[in-house]
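Thanks, everyone. Please have the display open.

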Amino acid sequence: MKIIADTGRCVGAGQCVLTDPDLFDQSEDDGTVIVLNAEPEGEEAEENARTAVHICPGQALSLA
């Protein structure tokens with residue numbers, strides 16, 4: 001699994017960071033998503049990545 005972020009679509013809501021701060025952060029400049037770990041390992045991290053993709057209001061996250 002790989003997390004892909006489209007910062008052009010990101011609205012800076014921070015829902016991904018709230019879902020898993022070990023996987024996501026936000027830019028200090030504009031609040032857009034920063035993927036800290038693009039290839040999460042373990043069942044919990046993978047589930048959190050799926051949740052973040054699902055709840056992202058800008059649909060800026062996807063999984064490959």
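Asp-25 counts as partly exposed, because its relative accessibility is 37%, and partly exposed covers what falls between under 20% for buried and over 50% for exposed. This is a predicted model, so every value I quote is computed from predicted coordinates. In the secondary structure, Asp-25 belongs to strand 2, which runs over residues 24-26.

Asp-30 sits in the loop that links strand 2 to strand 3. Is Asp-30 buried or exposed? Its relative accessibility is 52%, so Asp-30 counts as exposed.

The side chain of Asp-30 has two contacts to go through. With the side chain of Thr-32, Asp-30 makes a polar contact at 2.8 Å. With the side chain of Ser-27, there is a polar contact of 3.3 Å. Ser-27 is also in the loop between strand 2 and strand 3, where strand 3 is 33-35. Ser-27, however, has a relative accessible area of 17% and therefore counts as buried. To put the pair together: a buried Ser-27 is in side-chain polar contact with Asp-30, and Asp-30 is exposed.

For a distance across the chain, take Asp-30 and Val-11. They are 19 residues apart in sequence, and their C-alpha atoms are 9.2 Å apart.

Next, the salt bridges. As background, side chains of opposite charge can pair when their charged atoms come close. How many salt bridges does a search of the whole structure find? It finds two.

One of them joins the side chains of Arg-50 and Glu-46, at 3.9 Å from N to O. Why are these two separated by about one helical turn? Because they are four residues apart in helix 2, residues 43-55. Glu-46 has a relative accessibility of 25%, so it counts as partly exposed. Arg-50, at 38%, counts as partly exposed as well.

Arg-50 also forms a salt bridge with Glu-47, and here the closest N and O atoms are 3.7 Å apart. Arg-50 and Glu-47 are three residues apart in helix 2, so about one helical turn separates this pair too. Glu-47 counts as partly exposed because its relative accessibility is 42%. Through shared partners, the salt bridges connect Glu-46, Glu-47 and Arg-50 in one network.

One backbone item remains, and that is Gln-59. Gln-59 is not a glycine, yet it has a positive phi of about 50°. Where is Gln-59? It is in the loop between helix 2 and strand 4, the latter being 61-63. With a relative accessible area of 57%, Gln-59 is exposed, because exposed means over 50%.

Asp-30 has side-chain polar contacts to Ser-27 and to Thr-32. Arg-50 has salt bridges to Glu-46 and to Glu-47. Gln-59 has the positive phi. That is what I had; comments are welcome.

Methods. Residues numbered from 1 in each chain as written. Predicted model: local features only at pLDDT ≥ 70, side-chain atom pairs only at ≥ 80, totals over all residues. Heavy atoms only, no water. Buried < 20%, exposed > 50% of the residue type's maximum accessible area, 1.4 Å probe, protein only. Polar contact = N/O pair within 3.5 Å; in protein donor to acceptor, adjacent residues only side chain to side chain. Salt bridge = Lys/Arg side-chain N within 4 Å of Asp/Glu carboxyl O.
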